[in-house]
Amino acid sequence: MKTELTAELRSNLFFVCSLIEEIGRQRKLPRSVVVKKLGRRTLRQQLEDADILHCEPIAKVADDYIEMLHIPEGDYNNLEDLQYRAPDVWTIGQVYARLVEDVDEGDLAVTIQRVYGKWTDKYLSDYDLPIYWQPRDYIAVCFREKKIY
């Protein structure tokens with residue numbers, strides 16, 4: 001059963017997805033790795049606390065989680081050698097939040113893990129590909145069918 005998303009929960013989901021992107025950029029990690037490092041318990045807590053967490057700059061909140069969870073630095077850099085300018089963390093956070101909302105089956109933390117753990121993360125993190133700016137229903141269909149059209 002799909003989660004009933006209030007305006008507050010929708011905003012919290014957007015913040016958490018943007019935070020995942022910020023941590024990934026700071027630590028040079030694929031977003032799927034960031035989500036694994038956060039874990040389901042932390043994701044649930046972030047979804048609950050996002051209305052408080054967003055009072056701080058997102059870079060500081062990311063720093064706090066990096067330190068608290070000992071998130072290592074990697075060598076994944078999807079911002080280098082781009083043909084076009086990279087979208088900001090808020091733009092990508094919105095893309096992921098909409099996808100999580102569209103494919104949710106009742107537990108947002110589990111759905112976040114599914115969305116970021118799937119092959120779509122590779123495509124949504126390649127900013128030279130046009131998928132991240134496609135309509136949300138197109139991205140959801142691609143996710144469900146495990147195929148880019």
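The legends below describe close-up views of a predicted model.

Local features are reported for pLDDT of at least 70 and side-chain atom pairs only at pLDDT 80 or more, whereas totals for chains, interfaces and linings use all residues. Residues are numbered from 1 along each chain as its sequence is written, and side-chain values use heavy atoms, with hydrogens and water left out.

**View 1. The crossing of helices α1 and α3.** Helix α1 covers residues 7–27 and helix α3 covers residues 58–69; their axes come within 9 Å and cross at roughly 70 degrees. Because of this angle, α1 is roughly perpendicular to α3, a class that holds angles of 65 to 115 degrees, with under 35 counted as roughly parallel, over 145 as roughly antiparallel and the rest as oblique. Helices (H or I, at least four residues) and strands (E, at least two) are DSSP runs numbered from the N terminus. Axes are lines fitted to C-alpha atoms, for helices over the stretch in contact, and angles run from 0 to 180 degrees between N-to-C directions. The contact (heavy atoms within 4.5 Å) is made on the α1 side by F15, S18, L19, E22, I23, Q26 and R27. On the α3 side, I58, A59, V61, A62, D63, Y65 and I66 take part. By class, the contact of α1 with α3 comprises 9 nonpolar, 2 polar and 3 charged residues. Here Ala, Val, Leu, Ile, Met, Phe, Trp, Tyr, Cys and Pro count as nonpolar, Asp, Glu, Lys and Arg as charged, and the others, Gly among them, as polar.

**View 2. The span of α1 and the residue that follows.** At 1.5 Å a residue, the 21 residues of α1 should span 30 Å, and the end C-alpha atoms are 30 Å apart, so the two values agree. The expected span is 1.5 Å times one less than the number of residues in the helix. After α1 comes K28, whose phi is positive, near 55 degrees. K28 is placed in the loop between α1 and α2 and is partly exposed, with a relative accessible area of 33%. Buried means under 20% relative accessible area, exposed over 50%, and partly exposed in between (1.4 Å probe, protein chains only). Leaving aside neighbours within four places in sequence, K28 is in contact with E73, G74, D75, Y76 and N77. The C-alpha atoms of K28 and D102 are 74 residues apart along the chain and are separated by 27 Å.

View 3. A50 is found in helix α2 (residues 31–53) and counts as buried at 1% relative accessibility. Not counting residues up to four places away in sequence, A50 touches N12, F15 and V16. The C-alpha atoms of A50 and E8 are separated by 9.2 Å, although the residues lie 42 apart along the chain. S32 is also found in helix α2 and is buried, with a relative accessible area of 18%. With residues up to four places away in sequence not counted, S32 touches Y116, G117 and D121.

**View 4. The covered helix α4.** The 15 residues of α4 should span 21 Å at 1.5 Å a residue, in agreement with the 21 Å between the end C-alpha atoms. The helix is mostly covered, as 11 of its 15 residues are buried. These buried residues are V89, I92, G93, V95, Y96, A97, L99, V100, E101, D102 and V103. They pack against α1, α5 (108–117), α6 (120–124) and α7.

**View 5. The cysteines C17 and C142.** A search of the whole structure finds 0 disulfides, a disulfide being a pair of cysteine sulfur atoms within 2.5 Å. The closest cysteine sulfur to that of C17 is in C142, 18 Å away, and therefore too far for a bond. C17 counts as buried at 0% relative accessibility, and C142 likewise counts as buried at 0%.

View 6. Most residues other than glycine have a negative phi. H70, a residue other than glycine, has a positive phi near 55 degrees. The loop between α3 and α4 (89–103) holds H70, which is exposed, with a relative accessible area of 66%. K146 has a positive phi of about 55 degrees although it is not a glycine. K146 lies in the segment after α7 (136–145) and counts as exposed at 56% relative accessibility.
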